[in-house]
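This report looks at a ligand site and at the pockets of a protein model.

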Amino acid sequence: MNVPSYALDAVSRLRAGGYAAFLVGGCVRDSLMGRVPGDYDVATSARPEQTEAVFAGERIIETGLKHGTVTLLLDGHPVEITTFRTDGAYSDHRHPDEVRFAAQIEDDLARRDFTVNAMAWNPETGLVDPCGGQDDLARKRIRCVGDPDRRFDEDALRILRALRFASVLGFDLDPATAASALAKKDLLEAVSRERIAVELVKLVCGPDVRRVVCGFWPILAVPVPELALMAGFDQRSKYHCYDVLTHCAVAAETVRPDPILRLAALLHDCGKPACFTMDRDGTGHFYGHGQISADLTKTILTRLRFDNDTIRRVTDLVALHDYPLDPEPGKPPRAIKRLLGKLGTEDFFRLLALKRADSLAHDPGYRARAALCDRVEALTRELLAEQACFRVKDLAVNGRDLIALGIPEGPAVGRTLNALLEAVLGEEVPNERDALLALARSVTSP
Ligand code: ATP
Ligand code: MG
């Protein structure tokens, strides 16, 4: 195993203090897979206060003391050190009623969720793998440690975590684990929406989001019932080769794994079932589905307690995913500039990525709009390079200039600035001070 020295250091100092200590969980799994672990967790026989004594003088963050966790900053990297523990009974499908410290690493591994997450390693002992994690890694399989029904009863979040790891690692669920996850899915109602949202974002950002969403939507529909309406919804359109949910899942898989972009792609058509109409020849239409999907997206993300910034960004992308951006030949790129001003550069490029992925998730005969997105992107980069004006604050005049012209302080100033911006976006006037002042005079004086 290729382990950074600060993580090895954590283990060897505990061992030098006379305690058992191992790297454990995700970092062992990822290292064995040749992936770079996000962080390194240590499990030890030392009690939290003993761990603190071993690392006296280092920066210690006492975040999870009651669960037996001490977080250290070693060499600038956080390392979580947790005392071996077993979890007592679970009566609420969420939290263990009590946590007990344990003497052996094997006891600690037995409480963990999946076999691939239940391995430990240190340089002297080598790999400790009592649950067959290595075998499941080789078979690309997510399998519960112990009886899946019991493990999901204890903590229903594990149902969603199983899907998360399947998506992130590109693994299948072991048949017994999959059957139990489906049978126990309604237990997810007892889990806090914040914890669900954390797992959902990781799932959506996984490379296998499409397979997991399409294969396990009945589980995901417990926290997000809207997905059940999308699943199997026939679009009755020559432009589409997928039902609504598959189309959205394909789009999600196509965009880069950025939470805002992936959430927007997965939800971008969620309002389609609600606004479906069919004309006489049997062709389906979804008039106004952008805004309806945006409203529904806001409801979904609010319910899952996402932060306001994420909700606003994702909702804006969904609302605008069908908005035409390509300028008519010979006309100024007004829509591009207006949306650059409204969304800012970062989200504007997200919108382009969403539009491209949406197009690529259409019937193979109707994917050409993706190339159009490339043209809009090239044009946008030119506009940015020439520092074009997109927002009121990019104008060559400001409110004070207008007041000096005699426009009364108050709403009239904002109205005039917006009128000037519209004129600049339409290339009716250059973004130059004298020209704008002249225009301001003419629009305000009767
Ligand atoms: P990541 O790369 O996302 O951090 P990870 O495997 O480290 O993956 P975490 O959620 O950080 O996942 O959890 C760390 C470890 O703690 C897991 O590998 C697993 O052994 C254990 N674990 C976490 N949550 C649970 C749970 N709900 N039930 C049982 N074990 C859990
Ligand atoms: Mg982790």
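The model is predicted. Ligand 1 sits in the largest pocket. Helix 2 (26-32) and helix 7 (157-169) are the elements that give two or more residues to the shell around the ligand, and helix 7 provides the largest share, 4 residues. The shell comprises 13 residues, with Arg29, Asp155, Arg158, Arg161 and Arg164 the closest.

| Residue | Ligand 1 atom | Distance |
|---|---|---|
| Asp155 | nitrogen | 2.8 Å |
| Arg158 | nitrogen | 2.7 Å |
| Arg164 | oxygen | 2.6 Å |

Taken alone, ligand 1 exposes 590 Å², and the protein buries 77% of that area.

The largest pocket has a volume of about 1,400 Å³. Its lining consists of 45 residues, and Asp41, Glu80, Arg111, Arg112 and Arg161 lie nearest the centre. Among the elements giving two or more residues to this lining are strand 2 (40-44), strand 5 (77-83) and helix 9 (193-204). Helix 7 contributes the largest share, 7 residues. The lining has 19 charged, 16 nonpolar and 10 polar residues.

The second largest pocket has a volume of about 580 Å³. It is lined by 32 residues, and Tyr239, His240, Asp322, His362 and Arg369 are the closest to its centre. At least two lining residues come from each of strand 13 (284-285), helix 16 (334-360) and helix 17 (369-385). By class, this lining has 12 polar, 11 nonpolar and 9 charged residues.

Terms used: Residues numbered from 1 in each chain as written. Chains lettered and ligands numbered in written order. Predicted model: local features only at pLDDT ≥ 70, side-chain atom pairs only at ≥ 80, totals over all residues. Heavy atoms only, no water. Near = heavy atom within 4 Å. Polar contact = N/O pair within 3.5 Å; in protein donor to acceptor, adjacent residues only side chain to side chain. Areas by Shrake-Rupley, 256 points an atom, 1.4 Å probe, with all protein chains shown as cover. 1 Å grid on protein atoms, 1.4 Å probe; cavity = no way out; pocket = protein on both sides within 12 Å on 5 of 7 lines; lining within 4 Å. Sits in = over half its atoms within 2 Å of the grid points. Points joined across faces, edges and corners; volume = space filled by probe spheres on them. Nonpolar A, V, L, I, M, F, W, Y, C, P; charged D, E, K, R; others polar.
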